[in-house]
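Trainee: Before we look at the model, could you take me through what the terms mean and how each value is set against its definition?

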Amino acid sequence: MKALLPKSIKIKWKLTFWAALLILFLFLSYTFVQYVVIMKWVNNHERQTIQKNMEEIYAYLLEADSEQEILESKAYIDILNEHHQLIRIVSENNSVLFTITNKVPKNWVSSQSALKEELVEMSPKGDRLLVYRKPFEVTGFKGTIEIVRNLENFESLINQITTLVIITGLVAIILSFVGGRILSFQLLKPINSMIRTMKSIKKNGLNKRVNIDKQHDEMTELGIMFNELMDNLETSFQQQQQFVEDASHELKTPLTIIHGHLSLINRWGKDNPQTLERSLNLSLNETNRLIRMVSELLTLSRGDFSTSTAVLEDIKIKGVVEDVVENFLTLNPDYNISSSIDISNDFTLKIFKNHLEQIIIILLDNAIKYSKNKKEIELKVKHSENSLAIEIKDYGVGIPEEDLPLVINRFYRVDKARSRKNGGNGLGLAIAKRLLEYYKGSIEIQSVYGEWTKVIINIPLRKDSDVLFRKK
């Protein structure tokens, strides 16, 4: 059946064809069943009619007392006879006592005496005949009642039904095609709407969406899913575009500074040791910043894992935290970092040591950068039955409430709290979040603008497997 359809035919015509074929098949099946039922009913009706006539004639003839009375019954039997029917009384020796006929020639069926009752169908002259013979016996006579019924009316009815079937079949083909076309149009309406939306998106951008009907069906779900995918795609595209713009801007600044100092050295810095030294130092600082920025971008893009399948070891958390705090106190002696580590020395967690160190360093580094006035930082470590929690709170500039959901985004800075003069690239929290995601952890930020900021991280305590990272 597939070979009947061209390979390049559109789905609307496929649906039209199959729907029309289905409708036509159902109609023809119904018509065929109806035709068979009508034929069977008419045939049974003809048989019942001839049997009824036979019973009336047989009952009447049984009352006769002689052959003469049988001959006298001819007038009554003539009244009983119907159109296109022959009634004949045949004696035992095959001689015809009398014949009554109505448009049935006598020579169509030869007279025949029967020993038992029989009902047969024959077509001696092309016409269908129903022949019923029944023997009977009265005083002085023994013979057979023979009724021949021409099924011309039956044939005429069948011909009319056949003609009607052909005509209605042709009409059904047309109506099934029209119905199939309407059906395919209704079924493909949401898909056509989706195609138009896609073309509009391709031409005008990602802001176009499919109109959703009030009725809830599979096509509606498809439209809803399409709109959700387009929303996610638009969001991802905007984030990617913003990332490229921010990265380009961040990389442009140090490169411009380095280029300026190299130009200065090229013009007269070679002969001025003081200018040469200052330009080289500033260029090195900007180069280091570029290296850190590129390293952070790589960390965000691939997770910065040296092995794709790594076996985790139990790390003693308290010692790692204390070492990081000690290093920060050494580098920042004017800061007061108070730590409350409410875990035992033997408390362990399955995590890469460098990842835990990097997360704590990022949070402490941010706390120091944005608490210039009140140089006090609080660090708390505690655990529950299911997770390890690390809180770091500073009393710096804080973060406005509307910016709290955004500060984890790459390169995002609050105007007052994340300015370039404080250093950094706006990537630290994004990296910390990325690292925590690999451990099924979470990060939460609370802040009162101008007063304090608290960052809380939670890491689940895994006990089911030592292997956390696997290649997909």
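Mentor: Buried means under 20% relative accessible area, exposed over 50%, and partly exposed in between, with a 1.4 Å probe and protein chains only. This is a predicted model, in which local features need pLDDT of at least 70 and side-chain atom pairs count only at pLDDT 80 or more, while totals for chains, interfaces and linings use all residues. Residues are numbered from 1 along each chain as its sequence is written, and side-chain values use heavy atoms, with hydrogens and water left out.

Trainee: Why is D342 called exposed?

Mentor: Because D342 has a relative accessible area of 55%, and exposed means over 50%, D342 is called exposed.

Trainee: Where is D342 found, and which residues does D342 touch, not counting those up to four places away in sequence?

Mentor: D342 is found in the loop between β8 (336–341) and β9 (348–350), strands being DSSP runs of E with at least two residues, and helices runs of H or I with at least four, numbered from the N terminus. Leaving out residues up to four places away in sequence, D342 touches V381, K382 and H383, where contact means heavy atoms within 4.5 Å.

Trainee: What makes helix α9 mostly covered?

Mentor: In helix α9 (residues 428–438), eight of the 11 residues are buried, among them G428, L429 and R434. Just after α9, K440 takes a positive phi of about 60°.

Trainee: How many of the residues in the protein are buried, as a percentage?

Mentor: Buried residues make up 38% of the 472 residues in the protein, which has nine helices and 14 strands.
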